[in-house]
Structures are given as structure tokens and as C-alpha cells.
Amino acid sequence: MPKLSKDDVLRLVAENNVRFIRLQFTDIIGIPKNVSITVKQLEKALNNELMFDGSSIEGFVRIEESDMYLHPDPNTFLIYPWTTSEGSSVARLICDIYNPDGTPFAGDPRYVLRRALKEAADLGYTFNVGPEAEFFLFHTAPDGSPTLNTHDRAGYFDLSPVDLGEDARRDMVLALEKMGFEIEASHHEVAPGQHEIDFKYSDALDIADKIITFKMVVRTIAQRHGLHATFMAKPIYGEAGNGMHMNQSLFNKDNQNAFYDPSAPDGLSKIVYQYMAGIMKHARAITAITNPTVNSYKRLVPGYEAPIYIAWSAQNRSPLIRIPAKKGLSTRIELRNPDPTCNPYLALAVALMSGLDGIKNKLTVPPPCDLNIYEMSPADRKKAGIDNLPETLQEALKELEKDEVIVKALGPHVLEHYLEAKNSDWYDYRTKVHQWELDHYLTVY
């Protein structure tokens with residue numbers, strides 16, 4: 001990624017007639033927030049002199065300690081391409097959050113990921129990630145509210161004219177490319193109205209920033225086409241849900257892929273096996289972060305290609321971890337359970353810390369499972385030592401609380417507020433009476 005300085009940002013603002021800049025950050029849940037400033041305030045912002053009220057943000061601070069500073073990262077500067085035709089442009093900068101005493105704010109998800117990346121760097125590694133985020137495009141009602149009516153009846157990799165979202169998806173790709181994304185593929189997914197756009201791997205902090213940006217671009221362009229885009233994990237019963245597979249690799253100080261060993265028969269190094277062992281050891285705990293909603297667990301069920309068993313393979317797509325066939329610099333693991341409702345900063349941080357735990361402790365990965373695990377009997381799975389992911393958000397949160405590595409990766413501030421928010425969601429969900437209960441019990445009992 002090209003490195004930008006403060007002077008570069010000021011120059012680009014002047015050259016592109018930028019009038020407004022959005023200073024962006026995310027809360028603990030992963031919802032983007034922003035403060036809009038005029039170009040006259042930009043130099044002050046770039047000097048880290050702008051404050052905001054942190055007490056109004058989910059999981060940040062109490063009212064009596066609300067003043068916080070925004071530190072814009074010049075490297076994240078970009079111009080929203082859909083604003084350039086309006087005479088003056090709008091740009092954004094992603095910010096790190098700092099306390100008044102100049103220390104990083106422990107509740108900033110970006111800081112959580114930075115801390116994990118430093119631990120990897122101390123071991124001699126950089127962490128690269130390539131996400132595969134899926135989303136649905138739905139019609140909107142006359143009042144603009146979203147419906148569950150899809151715009152097509154197409155399927156996986158289908159071509160227009162049955163894929164009526166092709167125009168919207170094409171405009172999303174064009175907008176993303178103007179914003180510096182290198183798009184590798186875009187296509188229709190399995191379910192009607194479901195799509196996927198893949199962009200090139202990069203270092204984890206850049207990718208986490210890009211996932212947040214990607215979701216905003218997709219929603220914005222969909223709206224301009226009269227559609228509603230959702231990254232909800234499972235919006236339609238009986239159809240595949242939205243996943244966000246995370247392709248991961250570690251590179252060493254010589255910029256060589258540490259997962260690749262050309263002398264090994266399978267081309268895989270000891271490091272990748274240890275990394276996978278760490279992921280599998282902590283899989284039940286990290287699911288609370290990678291699959292953070294009540295609805296996430298309605299995707300993690302048999303029959304829809306979403307993984308529910310803690311296993312790995314290079315030959316099939318039912319396990320939690322798959323190793324794609326391509327080797328060399330492209331050697332990687334694909335973690336298949338995350339969905340795009342997760343906070344990408346936290347999700348990447350806990351995945352990395354799990355893998356590093358495997359490396360530091362030289363953990364041994366179990367043998368691969370090259371069978372279709374969905375078709376194995378419970379006895380066969382038990383014999384093979386294959387455990388399953390949590391079945392509910394509540395179960396995942398309990399696993400999170402007792403996993404020391406993941407607790408440390410998040411830090412006490414993020415852990416406390418994350419658990420508070422998610423346990424509140426679970427309580428609200430389990431105390432509601434849902435339509436399924438009425439349909440099954442109201443007239444029977």
C-alpha cells in the first residue's frame with residue numbers, strides 16, 4: 001500500500017476540490033461512526049487536535065470520562081467517487097482513538113488489532129488476509145424500507161439476464177476500484193439475490209479498514225439502484241446464509257510465505273500446521289467474535305455449506321478450515337465460519353492470536369478429515385475427535401469468557417463491554433415470543 005503523509009492528504013484535498021472530510025472509526029460491535037468536518041478543520045485534525053464525546057459510542061467510556069481524541073491515519077485517505085460529480089468532493093480518513101493523556105484507547109477495535117499485529121511482528125511475522133464477503137440484494141417497499149423480496153431467481157455463478165443485480169454489482173466494483181481496491185472476482189452466489197465480491201489480500205489492518213469501507217460502498221450503491229443490501233448472516237429460512245471466509249497467511253521478515261515449504265511433500269510448513277492447531281484449539285471461543293449475532297447461528301447449521309465442525313482438510317469444504325490448492329506465495333488457510341456481521345478488527349485479532357498460540361506452543365494439529373463431515377455419524381465424529389462449534393450465541397459467549405488467550409487478545413475493556421452488549425442481545429431474544437412458537441403452540445395447547 002502506498003504510504004501517505006499529512007502533506008499528501010492536504011495536497012490531494014486541494015487537487016480534488018474536497019470540501020468535507022468524514023473522520024471515521026468503529027465501535028466495539030463494529031458499527032462505523034464518523035464526524036464530518038470542513039476542509040478548514042483538516043489540518044487541525046491531522047495534528048490530532050480534534051476531540052469527540054466518547055460516552056455516546058457503544059462500549060466506549062462513561063460520561064465523566066467522555067473526552068477522546070481522533071488521530072486520523074493519513075494512509076486511509078480516500079475520496080467517495082459518487083460525490084465527485086457534485087462540484088465538490090467528500091473524503092474520509094479512518095482514525096485511531098486516543099485518551100486525553102496521549103495513550104491509545106483500550107476500547108478502540110483498531111488498537112486491539114494493532115496490538116495483535118505487534119505480537120506477530122515480535123515473532124517475525126506479518127499477517128495477510130483475503131476476505132470473501134457475501135451479501136443479499138433485496139427490493140425495497142414504497143416507503144423505502146427493506147423487504148425480503150429478491151431481485152432475481154439466479155444461482156451460483158449464473159449470468160444475466162437472470163441475475164438482475166448485475167448492474168448494481170458492476171457499479172459496486174467500479175466504485176471500489178476507484179477507491180483503490182483490487183477486485184479479483186465478483187459473482188452471483190448460491191441463494192437468489194445473493195452476491196460476492198472478492199478483493200486482493202493485504203496486511204490485516206488494511207483489510208479490516210477495507211471490509212468496513214466495502215460494506216458501506218455496497219450499501220450506498222445498492223441504494224442508488226433502488227435495492228437494499230444486507231450482510232445479515234441468515235436473512236431467509238431455507239437458503240444459504242452470508243459468510244465471510246477469511247484466507248490467512250503469515251509472511252516472514254524476508255517476505256516469504258511462512259506457510260509454504262517447497263521441500264515438504266504437500267508444500268506445507270510446520271508453521272501452518274501449528275497455526276491451524278491454534279485456531280482449532282480456540283475455535284469455540286473465537287466464534288463469539290467471528291459470529292457475533294443471535295442470527296449468526298442460524299447460518300451455522302448442516303446443509304448450507306457453512307462449517308459447524310472443528311476440523312480441517314485440503315480436499316473438501318465441510319470443515320472449519322480448508323487449505324486451497326494453490327501453493328507458493330499463495331499458500332494459505334481459509335477459515336470458513338466467520339460472517340460479515342463481525343467486527344473485522346476484533347475477528348482478525350482473535351484469529352491471529354489463536355494461530356500464534358499454536359506456533360508459540362508448537363501445538364499439533366489433528367489429522368485432516370477429507371470426508372463429508374455432515375454425512376458422518378455422531379459416533380464416527382467422536383471417534384475422529386471432531387468437536388463442533390457453539391450452536392447459540394450464549395454458548396459461544398460462555399466459551400469466550402473461559403479462554404485465556406482470547407480474553408487477553410481482546411483486553412479487559414473490550415471484553416467487558418462486548419459481553420455486556422451481546423448478553424443483552426441474547427436475553428432480549430430468548431425472552432421474546434416468536435412467530436414460530438405461536439404457529440406451533442397457540443392452538444395446540
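**Charged pairs and their surroundings**

Modeller: Asp206 and Lys210 form a salt bridge, with 3.3 Å between their closest N and O atoms. The term salt bridge here means a side-chain nitrogen of Lys or Arg within 4 Å of a carboxyl oxygen of Asp or Glu. This is a predicted model, in which local features need pLDDT of at least 70 and side-chain atom pairs count only at pLDDT 80 or more, while totals for chains, interfaces and linings use all residues. Residues are numbered from 1 along each chain as its sequence is written, and side-chain values use heavy atoms, with hydrogens and water left out.

Asp206 and Lys210 are four residues apart in helix H5 (residues 204-224), so about one helical turn separates them. Helices (H or I, at least four residues) and strands (E, at least two) are DSSP runs, numbered from the N terminus. Both Asp206 and Lys210 are buried; buried means under 20% relative accessible area, exposed over 50% and partly exposed in between, with a 1.4 Å probe and protein chains only.

One link is between the side chains of Asp73 and Arg114, at 3.7 Å from N to O. Asp73 sits in the loop between strand E4 (67-72) and strand E5 (78-79), and Arg114 in helix H3 (residues 109-122), so this pair ties together parts 41 residues apart in sequence. Asp73 is buried, at 16% relative accessible area, whereas Arg114 is partly exposed at 33%.

Helix H3 also holds Lys118 and Asp122, four residues apart, or about one turn of the helix. Their side chains meet in a salt bridge of 3.1 Å, N to O. Both Lys118 and Asp122 are exposed, whereas Asp206 and Lys210 are both buried. The count of salt bridges comes to 20.

A nonpolar core is a set of buried Ala, Val, Leu, Ile, Met, Phe, Trp, Tyr and Cys residues joined through side-chain atoms within 4.5 Å. The largest such core has 104 residues, and Phe214 and Leu250 have the most contacts inside it. H5 supplies the largest share of this core, 12 residues. Leaving out residues up to four places away in sequence, Phe214 touches Ala133, Phe135, Leu176, Phe181, Ile197, Phe199 and Phe231; contact means heavy atoms within 4.5 Å. Another core, of 22 residues, lies apart from this one and includes Ile21, Leu46, Phe52 and Leu93.

For the overall setting, the protein has 13 helices and 17 strands. Buried residues make up 55% of its 445 residues. Among contacts between residues at least 6 apart in sequence, 70% join residues at least 24 apart. The C-alpha trace spans about 70 × 60 × 50 Å along its principal axes.
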